[in-house]
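Here are some notes to read alongside the model. Please keep the structure open while you go through them.

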Amino acid sequence: MKNKYIVIYNDLVQMIQQGEFMSGDTLPSEHELSNQFSTSRETIRKALNLLSQNGYIQKVRGKGSVVLDHNKFEFPVSGLTSFKELSDQLGQDSKTHVHEVFVESANNQLRERLNCSKEVKIWKVSRSREINGERIILDKDFIREDVVPSITKSIAENSIYEYIENELGLEISFAKKEIIVEPVTEEDEKYLDLEGHTQMVVIRSFVYLADATLFQFTESRHRPDKFQFVDFARRTK
């Protein structure tokens, strides 16, 4: 079971992201929040400290916890979060548009990226992600067919990770990622609402199963004005 302050933190994050508390608003006092969540002020204080560390609030002397501007969607850099999981966390109106689902022979570049032989076929899945009426992410997934033998349009519309874990019984474990900024491509222009943007934030991920099998390479292209990429770092000695 999660610590109580983590649960409260997540509830307050959801309230902020869904507009119950707007930028510039002051959160209820520690006393009011402790009554609202039926917990101690110390637990509330821990939740507020976490909100402050992650950029949701600024504690102002004599005023309280002031909500900061959070118009951008938070995308966790270090985690392995599917778009469906992210959408559920955000509570936003979202939709996935599937453009391509097919199997192909891997070219030299893909074979190198996925560390596989030329006999291995590769699923190519191309999807644009719509949030609040705007298509702002283009995901291009390349998945080894010998690991994932079947992907349908329905699976791609829902969640490939959910299918892999719940239906195939495989454990997705970790990923190596790189983040770069690249010029907009013809594909971006075709599938996304770019609103004049000429650059994209691109996350390239190499995803592994629990047995260290590299089974997926993903290129996720994000419109830069809509996302902030976050991580939590702790200083160690």
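**Notes on the model**

1. D139 is buried, with a relative accessible area of 8%. The cut-off for calling a residue buried is under 20%. Please keep in mind that the model is predicted.

2. D139 has a charged partner. Its salt bridge is with R129, and the closest N and O atoms of the two are 2.8 Å apart. D139 sits in strand β6 (residues 134–144) and R129 in strand β5, so the pair ties together parts that are 10 residues apart in sequence. R129 counts as buried because its relative accessibility is 5%. As a general point, side chains of opposite charge can pair when their charged atoms come close.

3. A second pair to look at is R204 and E182, whose side chains meet in a salt bridge of 2.7 Å, N to O. R204 belongs to strand β8 (residues 199–209) and E182 to strand β7 (residues 172–183), so this pair links parts that are 22 residues apart in sequence. R204 is buried, at a relative accessible area of 10%. E182 has a relative accessibility of 18% and therefore also counts as buried, given that the cut-off is under 20%.

4. R221 and E219 also meet through their side chains in a salt bridge, at 3.1 Å from N to O. Both R221 and E219 are buried. Which residues are linked in a network of salt bridges? They are K140, E178, E182, E187, D188, R204, E219 and R221. Over the whole structure, a search finds 16 salt bridges.

5. Is S128 buried or exposed? S128 counts as buried, because its relative accessibility is 0%. The side chain of S128 makes a polar contact of 2.7 Å with the side chain of H99. Setting aside neighbours within four places in sequence, S128 is in contact with a list of residues that includes K95, T96, H97 and H99, as well as R135, I137, L138, Y191 and L192.

6. One is S38, at about 50 degrees, found in the loop between α2 (30–36) and α3. S38 counts as exposed, because its relative accessibility is 65%. The other is A212, at about 75 degrees, placed in the loop between β8 and β9. A212 is partly exposed, with a relative accessible area of 47%.

7. Now the nonpolar cores. The largest one has 18 residues, and those with the most contacts inside it are L12, L48 and L51. The elements giving two or more residues to this core are α1 (4–17) and α3 (41–53). The largest share, 6 residues, comes from α1. Not counting residues up to four places away in sequence, L48 touches L12, L27, E30, L33, I57, K59 and S65. Apart from this core lies another, of 17 residues, and among them are V98, V148, I155 and I172.

8. Finally, the protein as a whole. How many helices and strands are there? The protein has 8 helices and 10 strands. Of its 237 residues, 42% are buried. Among contacts with a separation of 6 or more, 60% are between residues 24 or more positions apart. The accessible surface of the protein comes to about 13,100 Å², and carbon and sulfur atoms account for 44% of that surface.

Definitions and conventions:
Residues numbered from 1 in each chain as written. Predicted model: local features only at pLDDT ≥ 70, side-chain atom pairs only at ≥ 80, totals over all residues. Heavy atoms only, no water. Buried < 20%, exposed > 50% of the residue type's maximum accessible area, 1.4 Å probe, protein only. Polar contact = N/O pair within 3.5 Å; in protein donor to acceptor, adjacent residues only side chain to side chain. Contact = heavy atoms within 4.5 Å. Core = buried A, V, L, I, M, F, W, Y, C linked by side-chain atoms within 4.5 Å. Helix = DSSP H or I, 4+ residues; strand = E, 2+ residues; numbered from the N terminus. Areas by Shrake-Rupley, 256 points an atom, 1.4 Å probe, with all protein chains shown as cover. Salt bridge = Lys/Arg side-chain N within 4 Å of Asp/Glu carboxyl O.
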